[in-house]
Amino acid sequence: MLEKKVETFNMNRVIDEFEEMTRNADQVQKQTLKEILHKNQSAIYLQNFGINGNTTDPEAFKALVPLVTDLDLEPYIKRMVDGDTSPILTALPVPAISLSSGTSQGRPKFIPFTDELMENTLQLFRTAFAFRNRDFPIDDNGRALQFIFSSKQYISKGGVPVGTATTNVYRNPNFKAGMKSIQSLCCSPDEVIFSPDVHQALYCHLLSGILFRDQVQYVFASFAHGLVHAFRTFEQLWEEIVTDIEDGVLSSRITVPSVRTAMAKLLSGPNPELAETIRTKCMSLSNWYGLIPALFPNSKYVYGIMTGSMEPYVKKLRHYAGELPLVSHDYGSSEGWIAANVRPRLSPEEATFAVVPNLGYFEFLPLSETGETEERPPVGLTEVKIGQEYEVVITNYAGLYRYRLGDVVKIVGFYNKTPQLKFICRRNLILSINIDKNTERDLQMSVESAAKRLAEEKIEVIDFSSHVDVKTEPGHYVIYWEISGETEDDVLQDCCNCLDKGFIDAGYMSSRKCKTIGALELRVVERGTFRKVQEHFLGIGSSAGQFKMPRCVKPSNVKVLQILCDNVVSRFFSTAFG
Ligand code: AMP
């Protein structure tokens, strides 16, 4: 992408533009589709379906182009990765390919990344910032402590750079100017963001944040998991960080030369006063409650995705954030941004997102109450019904046409004429043996209810995952828990029963009653096990910033299953169904 002058940010203008666009959501959608089809009129994929430069009407488009999933597009994208530069899916240049984190679907997906997606990203950031800043204004010349990590970008054998979507964004020449224009300049030097070692990068993000502590206006990671992970790490390493500040010498754990040089410049000499302040703050906290405002006294909020699969981390994050508001980051994916949080005061539990009508052409596939696709065709952006759940279907500038995203959302209202939605879950079932159907959300709710029993003992679930064990006859669900302390076996037995009872899907309950599904098994794993799982994913190219813990481990994922199984310290079988 050519570096261009990023426009000066004007909060009122951005909000006015959003108002105008959402009041005319229907026309904006039609115009967006027209532009996408016009810009991509020479795309081979579209021509194969009989779309030519004259097709502008949404009905004609929908009649000719089928709904697809990532699997359908895989062969086309593979040709692009292999260096075929003909206009396969898009007529626009594809300077990079994004690799989705792969932890939500269980395997990585390749997605074309174009200049238009980058512009969409900056537009979304501006819009969300305008609404945030109206409610929580930040000071001029402030900074943001951003736990962001640019994972490795590799060049495919066809010569195309491949990296996670966030990596493609951070490496883009317009990223830094875009962040600066919305007063969100990172504390850490670029060398930290681009460090090949994510552990060293995290340490340096924490250290940089403290060095700029008075300027830090908000604290951010893409996902709540990243924020919790950062401050858990701080709990372990804070004394070392304080020593670095006191002596003005960087810890020997930082070995990447570029990172050492950049951080040494930032440290610039001993600062015993700051070291003492941080030491006193840390020692005065009770169980680290309110750590974030203690470290960053001028921060106004904590920001990151806290909805959907990130909900389990909200409790811990709230603990670290003390009285600071938690603001939910917007809704998007490697395939493109979809909706902005224009009501930043809502808590993560209540957060909704307003679809931004010029980011793509959106359709919504109605789902029945059981989560099945209904026979009804998808409806347009302004035709959705409040209270109904849908799967999101996206057509973007970067070669995805009528692409099923695999996410379930619920329409909770309208912002002007554009839908306000709540993220519900990933579409695919994760736990199913026979007629039972449980999604990630069902697992989350079962864990939440069982964790209440544990909370009575002042213990928390640090992280969890699951797998379906069909090696036993009958098959059964296995839930892995890492917990924050030791407790009696009878407490864990209660939790296990609670987990089993927590799956309220009729298929599961009836199968349990007639014993066509065996007793649910709770396996408690050693402290640090989920960190090892994360390490494993980082080792195979996942980005630290985009990481999502796999909530169900497929049998094919031998390595992760092995990490979990090797670290089991105790096992319980449910007696809830006799
Ligand atoms: P990735 O595949 O790594 O690009 O991750 C994108 C996925 O993360 C989306 O398809 C959603 O499933 C999830 N996601 C993104 N934004 C949110 C959000 N605000 N709330 C909940 N889940 C989200």
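Tutor: Let us begin with a term: two strands pair if DSSP finds at least two bridges between them. Please keep in mind that this is a predicted model.

Student: How many bridges join S3 to strand S6?

Tutor: Strand S6 covers residues 216-223, and S3 and S6 run parallel. Within this pair, Gln 146 stands opposite Phe 220 in S6. Since pairing requires at least two bridges, we look up the count for S3 and S6, and the number of bridges is four.

Student: Which strands are the edge strands of the sheet?

Tutor: The open sheet is formed by four strands with parallel pairing, and their order is S3-S6-S7-S8. An edge strand pairs on one side only, and this applies to the two strands that cover 143-146 and 326-328, namely S3 and S8.

Student: What is the volume of the largest cavity?

Tutor: A search of the whole structure finds one cavity of 30 Å³ or more. Its lining consists of 16 residues, with Phe 149, Leu 202, His 229, Gln 534 and Ala 544 lying nearest the centre, and by class this lining has eight nonpolar, six polar and two charged residues. The volume of this largest cavity is about 160 Å³.

Notes
Residues are numbered from 1 along each chain as its sequence is written. This is a predicted model: local features need pLDDT of at least 70, side-chain atom pairs count only at pLDDT 80 or more; totals for chains, interfaces and linings use all residues. Side-chain values use heavy atoms; hydrogens and water are left out. On a 1 Å grid over the protein atoms alone, a cavity is a set of points where a 1.4 Å probe fits but cannot get out, and a pocket is an open set with protein on both sides within 12 Å along at least five of seven lines; lining residues have an atom within 4 Å of a point. Grid points are joined across faces, edges and corners, and a volume is the space filled by probe spheres set on the points. Ala, Val, Leu, Ile, Met, Phe, Trp, Tyr, Cys and Pro count as nonpolar, Asp, Glu, Lys and Arg as charged, and the others, Gly among them, as polar.
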